[in-house]
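Subject: Model for your files

Hello,

The model is placed below for you to keep.

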Amino acid sequence: MSLIENLQKRAAVKKFDPSKKITAEQLDQLQSAIQLAPTSLGLQSFKVIVVQDAETRAKLRAAGYNQAQITDSSALFVFASLTSLDEAFGKKFIDLVADVRSVDRDSLAGLEQMVLGTLSSRTDEQKVAWSHKQAYIALGVLVSQAAEIGVDAAPMEGFDPAQFDEILGLKELGLTTSVIAAVGYRAEDDVYSKMIKVRRPKSELFIHV
Ligand SMILES: Cc1cc2nc3c(=O)[nH]c(=O)nc-3n(C[C@H](O)[C@H](O)[C@H](O)COP(=O)(O)O)c2cc1C
């Protein structure tokens, strides 16, 4: 089936079947999709906490407007942005590029200058806002990949990020919550996924110049 057909079938499920779990292979495929998502300069300035522990998810649900998807899905993906993008972070990225591409680090001087220049030109607040945007791109790729493998993914921003940070101990890890997604399988009586998808017409959505 094509991606478009799978996107038509997917839905931001409200009621998951808690007894249906995704396999370790599916979890890995979802992680691969997130890993392969494009990011600005390729920096991937976020991490993803995959929460399956029931006790932790119960606490997160209380911080997420009691949304049942948080506890009843198979896993909860918490996208969290790095709170410090300093020079060391930029240099470590260049080290990785040199290593993966087996090139001399000196040949990456131009890229390094661009990365470090970009990082130093922004305030910490701007960098976190920038990282949140990157996390949302990865969220979109996760949702698409889930649709491709027949797994339900419910993206959510209805939660208190400060409480999520506290419950997951993210501050100590230099992270702050961006957005979350519950993944698993819809319950047979999930009303929302049976509804007709509502989208603005292409004539309203696109402007051709
Ligand atoms: C960034 C983002 C945040 C969302 N937050 C929530 C949420 O907190 N709770 C919820 O039930 N749905 C949430 N949704 C789901 C949207 O309401 C849903 O994607 C939209 O209505 C379109 O429906 P569909 O995804 O089923 O096609 C969110 C979606 C996105 C992309």
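Helices (H or I, at least four residues) and strands (E, at least two) are taken here as DSSP runs, numbered from the N terminus. This is a predicted model, in which local features need pLDDT of at least 70 and side-chain atom pairs count only at pLDDT 80 or more, while totals for chains, interfaces and linings use all residues. Residues are numbered from 1 along each chain as its sequence is written, and side-chain values use heavy atoms, with hydrogens and water left out.

Fold. Along the sequence the pattern reads α-α-β-α-α-β-α-α-α-β-α-β-α, which amounts to nine helices and four strands. A box of roughly 60 × 45 × 35 Å, taken along the principal axes, holds the C-alpha atoms of the chain.

Helix pair. H2 (residues 24-36) packs with H7 (residues 124-148) at an angle of about 145°, and the axes are 8 Å apart. Axes are lines fitted to C-alpha atoms, for helices over the stretch in contact, and angles run from 0 to 180 degrees between N-to-C directions. The crossing is right-handed (the near helix is turned clockwise from the far one by less than a right angle). In the contact (heavy atoms within 4.5 Å), H2 supplies Gln29, Leu30, Ala33 and Ile34, and H7 supplies Ala138, Val141, Leu142, Gln145 and Ala146. Seven of these residues are nonpolar, two are polar and none is charged. Nonpolar means Ala, Val, Leu, Ile, Met, Phe, Trp, Tyr, Cys and Pro; charged means Asp, Glu, Lys and Arg; the others, Gly among them, are polar.

Ligand site. The ligand is surrounded by 14 residues (a heavy atom within 4 Å), the closest being Ala12, Gln67, Tyr192, Lys197 and Arg199. By class, this shell has six nonpolar, three polar and five charged residues. Three polar contacts (N or O atoms within 3.5 Å) follow.

- Gln67: a side-chain N or O atom is 2.8 Å from a ligand nitrogen.
- Gly158: a backbone N or O atom is 2.9 Å from a ligand oxygen.
- Tyr192: a side-chain N or O atom is 2.7 Å from a ligand oxygen.

Regards

Notes:
Polar contact = N/O pair within 3.5 Å; in protein donor to acceptor, adjacent residues only side chain to side chain.
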